[in-house]
Amino acid sequence: MLRDEPQTSMDAKILEDWSIKDLNKESVQAYRNLHRSWRPGHVWEMLGDEEYLKNIGAAAESKKDGKMHPTAAGLLMFGNEYDIVREFPHYFLDYREVLDPTIRWTDRLQSCSGDWSGNLFDFFFRVNSKLVKDVKIPFVLDGAMRVDDTPVHQSIREALANCLVNTDFYLSRGVVIKKDAETIVFENPGSIRTGKAQMLRGGISDPRNASILKMLNLIGIGERAGSGVPDIFATWDQQGWKEPEVEEQYGPDRTILTLSFIKKEVAKGNSENENMVSDHVSDHVSDHDDSYEDKKHRLQEFCTVPRTRQEMQDFLGIASRGYFSRRFIVPMVNEGKLKLTIPDKPKSRSQKYIKA
């Protein structure tokens, strides 16, 4: 509460123990290239890095020594993880993807892994590409050019940006983004500054990290008018998906946004069909023609010779990999009806399944 009281954004703090040279040069240059592409001919384009970082809010001149130092926003956006945690001991970014229930993590990205910078800028673009890779792109033309950026893409990007700009990086547990076949969950430390009701109404923008939001805005990301969350809800409603959920937890404070790709009518249906439809993977399977147990029996007989997961899905006519794994592969392996041909390497691309 004390950190949220000052009118100056918490990420505007000047970090006098660091210099501009401590920032990751590759991240800074990648950002400048994006800014140049988004706003060609911008008046800051010809500035040196120091002046440029000052203008975007990533650096400021200290009154103590008259030198330029990174701001908290500059360190978070462009620093290296091992420097960031010196100022923000609880800083942690974690992306978890589970599209195949037989595998603990289909994909995972952590800020502390040491094989990349671990800063917010690189995290945003690495994770955003993972989040939208399964989103359907309708064939829409703008003149002779195909439009690949749909309202769903924009909403996911907005949700990710909203998560980062409202994080209290001094709190524990860090930022966690979780994706499975049916949902994307955004979790960040910190309460909702405007309150949940106002956030859902929109119209008021009060980001915890205004300087980070400014930097994202300069490359075409983020919404300053306070309409970001209502726009996400509107997009989900237009798609016919289950309404997003916003949850606040306390002690420590935490905000959780869940985006579901389940159709509204499925969410309201019976438990047998509840998890069957995920619009972005077009899974419309039902058990009307024969029972679930019959399907498992037919699948088991189909696997009298080794079969790949895709062959098995095609046999039953199921499009969703996540649903198929959860409803058929996992229970049938657990029940001893199927076994892996390479049990020591469940993630192997050569993995097949055979009748036990």
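Student: Where is P252 placed in this model?

Tutor: P252 sits in the loop between β9 (245–249) and β10. Bear in mind that this is a predicted model.

Student: What is the peptide bond from G251 to P252 like, cis or trans?

Tutor: That bond is cis, with omega near 5°.

Student: What makes R173 worth a look, and where is its place?

Tutor: Its phi is near 80°, a positive value in a residue other than glycine. R173 belongs to the loop between α6 and β7 (175–180).

Student: Is R173 buried, exposed or partly exposed, and why?

Tutor: R173 has 47% relative accessibility. Buried means under 20% and exposed means over 50%, so R173 is called partly exposed.

Student: Then why is R32 called buried?

Tutor: R32 has 6% relative accessibility, and the cut-off is under 20%, so R32 counts as buried. This arginine lies in helix α1 (residues 25–38).

Student: Which residues is R32 in contact with?

Tutor: Leaving aside neighbours within four places in sequence, R32 is in contact with W44, E45, L47, G48, D49 and Y52.

Student: Are C163 and C303 buried or exposed?

Tutor: C163 has 2% relative accessibility, under the 20% limit, so C163 counts as buried. C303 is at 0%, so C303 is buried by that cut-off too.

Student: How do you know how the span of α13 stands against the expected value?

Tutor: Helix α13 (residues 321–334) has 14 residues and reaches 18 Å from its first C-alpha to its last. At 1.5 Å a residue, 20 Å is expected, and the span is close to that. After α13 comes G336, whose phi is positive, near 80°.

Student: Which residues of α13 are buried, and what covers them?

Tutor: The buried ones are G322, Y323, F324, S325, R327, F328, I329, P331 and M332. Their cover includes α11 (292–302), α12 (309–316), β11 (338–340) and β12 (353–355).

Student: What makes up the largest nonpolar core?

Tutor: The largest nonpolar core has 65 residues, and those with the most contacts inside it are I56, F78, I177 and F186. Helix α6 (residues 151–165) gives the most to this core, with eight residues. Apart from it lies another core of 14 residues, among them I318, F324, I329 and L338.

Student: Which residues does F78 touch?

Tutor: Not counting residues up to four places away in sequence, F78 touches L23, N24, S27, V28, Y31, L53, I56, A58, N119, F121 and M215.

Student: What lines the largest pocket?

Tutor: About 560 Å³ of space lies in the largest pocket. Of its 23 lining residues, the closest to the centre are D149, Q154, R157, G220 and I221. The elements that give two or more residues to this lining are α1, α5 (120–132), α6 and α9 (228–239), and α6 gives the most, with six.

Student: Why is the other kind of space called a cavity?

Tutor: A 1.4 Å probe fits inside but cannot get out, so the space is a cavity, whereas a pocket is open. The structure holds three cavities of 30 Å³ or more, and about 420 Å³ of space lies in the largest cavity. Of the 31 residues that line the largest cavity, N162, N166, I192, M199 and V229 are the closest to its centre. Here, too, α6 gives the most to the lining, with six residues.

Key. Residues numbered from 1 in each chain as written. Predicted model: local features only at pLDDT ≥ 70, side-chain atom pairs only at ≥ 80, totals over all residues. Heavy atoms only, no water. Helix = DSSP H or I, 4+ residues; strand = E, 2+ residues; numbered from the N terminus. Expected span 1.5 Å × (residues − 1). Buried < 20%, exposed > 50% of the residue type's maximum accessible area, 1.4 Å probe, protein only. Contact = heavy atoms within 4.5 Å. Core = buried A, V, L, I, M, F, W, Y, C linked by side-chain atoms within 4.5 Å. 1 Å grid on protein atoms, 1.4 Å probe; cavity = no way out; pocket = protein on both sides within 12 Å on 5 of 7 lines; lining within 4 Å. Points joined across faces, edges and corners; volume = space filled by probe spheres on them.
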